[in-house]
Amino acid sequence: MNQTLLLRCFTLTFLVFLAILEPLTVDAQTFPSKPVKIIVPFAAGGLTDSLSRSVGELLSTQIGQSVLVDNRPGAAGHIAAEMVAKGPADGYQIVLLGSGHAGGAAYSSDPIRYDLLKDFTTIGMLGFSPSLLIARKSLNIHNFAELVSAAKAKPGQLSFAGVQNYTGEYLEAMAGIDLNLILYRGAAQATNDLLGERVDLMVGTVSDMLQLMQSGKFNAIALNSPQRVPQLPGISPVAETIPGYRGGQWYGLFVPSRTPAPVVAKLRAALERAVKSESYPNTMAKLSMLSPERNVEQFELEVKGTLESYQNAKKLGKP
C-alpha cells in the first residue's frame, strides 16, 4: 500500500470518527434542551420521593428546564438502577441511588445486573438520612456496648426486625454478634410487632423511631450515622464503637458512566448550586436528614467505601 492510499484511508477513518463524535459534542453544547428526569427507585410518597422532588425543583431553576420525577419501584431499587445504567447516556435520565444499593449489591440472593462503581458516574451527594437502633426497655439495654454484651451472652436469642436482610446481617458481622433476624415485607408490619413487644430490636429513620419511643416502651441504643444528631445529643454513632461501620443512608444522583464529560460537568455544577441554596437546609430539616458535607470526589470515595464495607462484612458472615 503506497503512502497516498495510506493517507486516504487515515483521512477517511478520521472523518468517520468525527461524524460519530459530532452528535455527542453538539448534545453536550446544547444540554439541556428538553426536560430532565430523575428516576426514583421507590414508590411515591416516601422519603426518596420527597427528596427527589425538592431537589428537582431546585435543579430546574439552575438548568432552565423542567426536572421531572419518575418513580420506578421494584426489586429493592435495583430495577431502576439497572434501567438507568443500561439506558441512554445523554444526561436526560438521572437516577437517585442510596447506600441501600450497596448493601443490596453485596447481600442480594438474586443477581444484580449492574456495577455500582463501573456503570455510574457520580453527579453529587444529596444528603444523609441517619437511622436509629432502638431496643425494648424491658431488656435493660442502654447503649451499643451493652447490646453487644447481651447478644454475646445469649447468641441468637435477641430478635431483630428488618425489611432488608443486609441491615441485620451487616450489623451482626461488624459487631461480631449473632441475632435472630426476622424479615418483614414492610416497615409497618415490623413496627406493629415491635410495638407489640414481639421483637426486641429495630433500626429505622430517626423521626420514625422517635415516634415509637413516645410509647415509653423503648430505649435509644445507637445511631447509624457518621455524626451525632441534634435530636439525640447523648446517643453515639455505632462507628464510635466499631471503626469503619457504615450504617444509615446516603443519597446521591448518578448518570450512566458513558455520559459525555461536558454534560456531567454541567449537572455537577447545577447540583452543587442547588444544595448550597438558602432553602436546601430547610428541606433537609423537614426530612430529618443531614446536609451533604462531601464534594463529588469525597462522595465517590464514600460510595466505594460503603460497598467495600458491605462486601467485607458479607465475607465475614455470622460470628
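This is a predicted model: local features need pLDDT of at least 70, side-chain atom pairs count only at pLDDT 80 or more; totals for chains, interfaces and linings use all residues.
Rolling a probe the size of a water molecule over the atoms shows where empty space is left. In the present model, the largest pocket has a volume of about 1200 Å³. Its lining comprises 44 residues, and those nearest the centre of the pocket are V163, G204, T205, Q249 and Y251. Several helices and strands take part in this lining: the helices α2 (47-63), α4 (99-107), α6 (165-175), α7 (187-195) and α8 (206-213), together with the strands β6 (159-162), β8 (201-205) and β10 (249-256), each supply at least two residues. Of the contributors to the largest pocket, α8 gives the most, with 5 residues. By class, the lining of the largest pocket divides into 22 polar, 19 nonpolar and 3 charged residues.

The second largest pocket has a volume of about 380 Å³. It is lined by 19 residues, with A75, H78, S108, D110 and I112 lying nearest its centre. At least two lining residues come from each of α3 (78-86), α4 and α6. The largest share in the second largest pocket, 3 residues, belongs to α3. The lining of the second largest pocket consists of 10 nonpolar, 6 polar and 3 charged residues. The helices α4 and α6 also each supply at least two residues to the lining of the largest pocket.

The residues that line the largest cavity are F160, G162, Q164, N165, G168, L181, I182 and L183.

The packing of nonpolar residues was then considered. The largest nonpolar core has 63 residues, and F120, L132 and F144 have the most contacts inside it. Leaving aside neighbours within four places in sequence, L132 is in contact with M202, V203, G204, V206, M209, M213, A220, A222, L223, L232 and I235. A second, separate core of 30 residues includes Y92, V255, A270 and Y280.

Two residues in loops were examined individually. R228 is located in the loop between β9 (218-224) and β10. With a relative accessible area of 38%, R228 counts as partly exposed, because this value falls between the limits of 20% and 50%. Apart from its neighbours within four places in sequence, R228 is in contact with L223, P233, G234, I235, S236, P237 and E240. The side chain of R228 makes a polar contact with the side chain of E240 at 3.1 Å, and a polar atom of the R228 side chain lies 3.2 Å from the backbone oxygen of P233. The C-alpha atoms of R228 and Q62 are separated by 32 Å, and these two residues are 166 residues apart along the chain.

S277 lies in the loop between α9 (261-275) and α10 (280-286). The relative accessibility of S277 is 18%, and S277 therefore counts as buried, the limit being under 20%. The side chain of S277 reaches the backbone oxygen of A274 at 2.7 Å.

Methods
Residues are numbered from 1 along each chain as its sequence is written. Side-chain values use heavy atoms; hydrogens and water are left out. On a 1 Å grid over the protein atoms alone, a cavity is a set of points where a 1.4 Å probe fits but cannot get out, and a pocket is an open set with protein on both sides within 12 Å along at least five of seven lines; lining residues have an atom within 4 Å of a point. Grid points are joined across faces, edges and corners, and a volume is the space filled by probe spheres set on the points. Helices (H or I, at least four residues) and strands (E, at least two) are DSSP runs, numbered from the N terminus. Ala, Val, Leu, Ile, Met, Phe, Trp, Tyr, Cys and Pro count as nonpolar, Asp, Glu, Lys and Arg as charged, and the others, Gly among them, as polar. A nonpolar core is a set of buried Ala, Val, Leu, Ile, Met, Phe, Trp, Tyr and Cys residues joined through side-chain atoms within 4.5 Å. Buried means under 20% relative accessible area, exposed over 50%, partly exposed in between (1.4 Å probe, protein chains only). Contact means heavy atoms within 4.5 Å. A polar contact is a pair of N or O atoms within 3.5 Å; within protein, one must be able to donate a hydrogen and the other to accept it, and residues adjacent in sequence count only if both atoms are side-chain atoms.
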